[in-house]
Every structure is written in structure tokens, then in C-alpha cells.
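Me: Hi! Could you walk me through this protein model with a few questions and answers?

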Amino acid sequence: MQLQFGGALAKKSQPATVLPVHARLIATVMGSAGGSGRSSTAALLANSLAGYGATVVLDTAPRLSSPWPSWSSEPGAGLLSVPPDQGMTRRQVIGAASVCRGRDGAGWHVLTDHQDWSAAPLTLPEAPAAWYQLAAAGGWQAVVADTTHPIAHDTVSARHMGRAGLSAEWCHLPFAVPVLCAAATGWGMHTLQTAVQAATAEGLPLHRAVVSLVATAEGRLPAPVRAAMTMLQSRVAAVVIVPHDPHIRSHGMRDADRLKPRTAEAGAELARAVLASAGGTWGEPLPPAAVPAATAAPTTPGFPSRSDSQGVTP
């Protein structure tokens, strides 16, 4: 595992040991392309953030293309159980979440479409604000969003359509730290550089972004990867190398006790980098979480239609 800091973050001290009770940190995990190690990065990050406060992963992928239902240790009622058009208690929202267990025994929640594989697919909204409402309803302090859209394609498409892209909307949520994932290969660096160019042109907050480079094999990193790391130092908050781990390749994150120690340490470094970026941007301790604005009732089940203050009883 390697951690490299860039910009002003290198001068910052270590982040606080716990998140304030009323804080809500958003770590938006986005991939430069398919196969970028996005979900593995999200799981490693959530496992470590759970040591700083109550943590949830938001699984934005459809059930049959998502690994999260099979990675969960204790299945919850799933997103289908979240009423779309009525108030709900925090207990109901948390009851919808599944539980994942980490390498050190720490647990965190994941909100996913946890139905049987043959059940009717649940249509999930794309709007990051809807997912933020769900996290606010559950009262989690650390939120890891496992997104599905490729950054560059989303950004360029949105620009030509004259609207805000999903990447921009996720980055502009309160206290959001982007986590950009790419495979530590020549092609992975090419897709990452394209994503960085698109994000720069769109004015996305790269200065507070953390880059996760996921190794696909043992041994020394390829020359293009090392060159890209050097290029990124002055543009992002931190770069973390997630080492190759055969267990993840074979079994995913279902049995985290079998992860290599250096893999777990990479997750810890990711968490520290995200927390340091947030602290350097908004101060420490992190300010109280913003109350989400009310949104229109969705036409499909699975999400609250009211804000934390309007439709949720603590």
C-alpha cells in the first residue's frame, strides 16, 4: 500500500478519532470506467469509516448487477421496504439496511435492493439528492455512495445536453469528498486521465478528491501508473494504492477476515485521506449535517419523498 498526498492536505494533521454525532460525511465513490474496483474500494472505505462513526453504503446499482446483496452478512428488508410516500422512523430505515462485517469485526450498513434474484427489479432513482435523503433519514454519520456511472462519459454527455451530470450532483452534496477509482494499469490510467480532464473542465472539486488506484496483479506498478501518480499529486488531495488481493478477486468482500493485512491498511488509509480532505475543506470537527430539502414523491418504490425534518421521526 502506498499513500501520497498532494496540495495543502499534506500539511494537515491526522483527522479526528470520531465523527461528531450530528455530522454527515459523504464519500462518493466513482469509477473512471467499468472494472475500476469501485465496489471493493467502497467496501474497504466503509469498513474503516465504521471506526469513526455509524456508516452506511448506498448501493445505486440494480440488484442483478450489484455485489452487495451477496456481500452482506445479515440481510435487511431492502430498499423495497422503504415507503415512498409516507413518513418513517429511523428504526424503519435502518431495518431496511443489511449489515456487513469487516476484518476487525466492525459492522456497517448497506442500503441495497436485497430481494430474491427472481423478484421483480426495483427501479432506483438516479438523483443523488434522493439518496442523500435516505442517508439523512437513517441518521448515519459516514455515507459511502457506490455509484455506477463512468465519470467522463457522464460529464461530457451532461454538458452536451445542457444539464448537470450525476458526477457534479454527487460532488455538490453537503460535505462530499469524491473518491475516484481506476485500475492500476495503463488502460486504467488512460481512463482516469480522461475523467480528470472532464472533471476539470466541468469545475468539479478535484482539490478535495481522493484517488484509489486498484492493483490488478502483484509486483511493481507499471510505468504509466507511476507517471500518472506523479501527475496527480498537485491536482488531488491524496492518492492511495489498493494492493492486489486474491481473496477479493475470488470471493469479493463477503469474508473480510481473509483479506491481507496490507489490503485492510489500504482501506484505513483511504478513510484517513477522506477525513483529512473533509477536515481541510470544512474544518474539524465537521459541522452539523445539512437538512435535505423536500423533493417530489417518486413514482417508484424505495425512497422517501420528504426531508429528514418533514418525514422522519428520530
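Predicted model: local features only at pLDDT ≥ 70, side-chain atom pairs only at ≥ 80, totals over all residues.

Me: How many residues of strand S3 are buried?

Reply: Strands are DSSP runs of E with at least two residues, numbered from the N terminus, and S3 covers residues 55-59. Buried means under 20% relative accessible area (1.4 Å probe, protein chains only). In a regular strand, side chains alternate between the two faces of the sheet. Here Thr55, Val57 and Asp59 are buried on one side and Val56 and Leu58 on the other, giving 5 of 5 residues.

Me: Which residue in S7 stands opposite Val57?

Reply: Two strands pair if DSSP finds at least two bridges between them. S3 and S7 (residues 142-150) run parallel and are joined by 5 bridges. In S7, the residue opposite Val57 is Val144.

Me: And which residue in S6 stands opposite Val57?

Reply: S6 spans residues 107-111 and pairs with S3 in the parallel sense, over 3 bridges. The residue in S6 facing Val57 is Val110.

Me: How many residues in the lining of the second largest cavity are nonpolar?

Reply: Among the lining residues are Met30, Cys171 and Pro178. Ala, Val, Leu, Ile, Met, Phe, Trp, Tyr, Cys and Pro count as nonpolar. The lining has no polar and no charged residues, and the nonpolar ones number 9.

Key. Residues numbered from 1 in each chain as written. Heavy atoms only, no water. 1 Å grid on protein atoms, 1.4 Å probe; cavity = no way out; pocket = protein on both sides within 12 Å on 5 of 7 lines; lining within 4 Å. Buried < 20%, exposed > 50% of the residue type's maximum accessible area, 1.4 Å probe, protein only. Helix = DSSP H or I, 4+ residues; strand = E, 2+ residues; numbered from the N terminus.
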